[in-house]
Amino acid sequence: MKLNSQAQLMGLRQAERRRRPERAAQYESPVYRALQQRLAAAVRRLRQQREWTQEEAAHRCGMTVRVFQRVEGEEVNLTLTTIARIAEGFQVDPAELFKVAKSR
């Protein structure tokens with residue numbers, strides 16, 4: 001995994017501390033990574049389509065900017081309540097957040 005900044009590295013370290021060691025392999029599984037990548041790409045795409053800043057999107061989704069950044073940066077394991085908040089903030093069906101992006 002390529003880390004782009006010190007903030008990403010710190011976020012990764014914090015996430016690793018909270019994760020249970022017996023579940024470590026789950027966070028590296030291809031299915032988990034694909035879901036995380038799809039969600040991050042969808043959130044980024046929806047935000048850009050609406051021409052919102054991360055701050056605006058975070059506010060509309062009812063979360064802090066840092067949590068929103070971690071969603072876009074594939075750094076967080078989201079709960080269903082957080083996925084629901086994102087869907088409500090963007091006014092989309094939650095399934096939209098997991099669709100494979102179409103090639104241009």
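User: Before we dig in, what counts as a helix here?
Analyst: Helices are DSSP runs of H or I with at least four residues, numbered from the N terminus. This is a predicted model, where local features need pLDDT of at least 70, side-chain atom pairs count only at pLDDT 80 or more, and totals for chains, interfaces and linings use all residues. Residues are numbered from 1 along each chain as its sequence is written, and side-chain values use heavy atoms, with hydrogens and water left out.

User: Switching to aromatics: how many pairs does a search of the whole structure find?
Analyst: Three. Rings of Phe, Tyr and Trp (its six-membered ring) pair if their centres lie within 6.5 Å; planes under 30 degrees apart are stacked, over 60 edge-to-face, and the rest tilted. Trp52 and Phe90 are one of them: with centres 5.2 Å apart and planes at 20 degrees, the pair is stacked.

User: What does that pair tie together?
Analyst: Parts 38 residues apart in sequence, because Trp52 lies in the loop between helix 2 (30-49) and helix 3 (54-61) while Phe90 is in helix 5.

User: Are Trp52 and Phe90 buried or exposed?
Analyst: Both are buried, that is, under 20% relative accessible area (1.4 Å probe, protein chains only).

Terms used
Helix = DSSP H or I, 4+ residues; strand = E, 2+ residues; numbered from the N terminus. Buried < 20%, exposed > 50% of the residue type's maximum accessible area, 1.4 Å probe, protein only.
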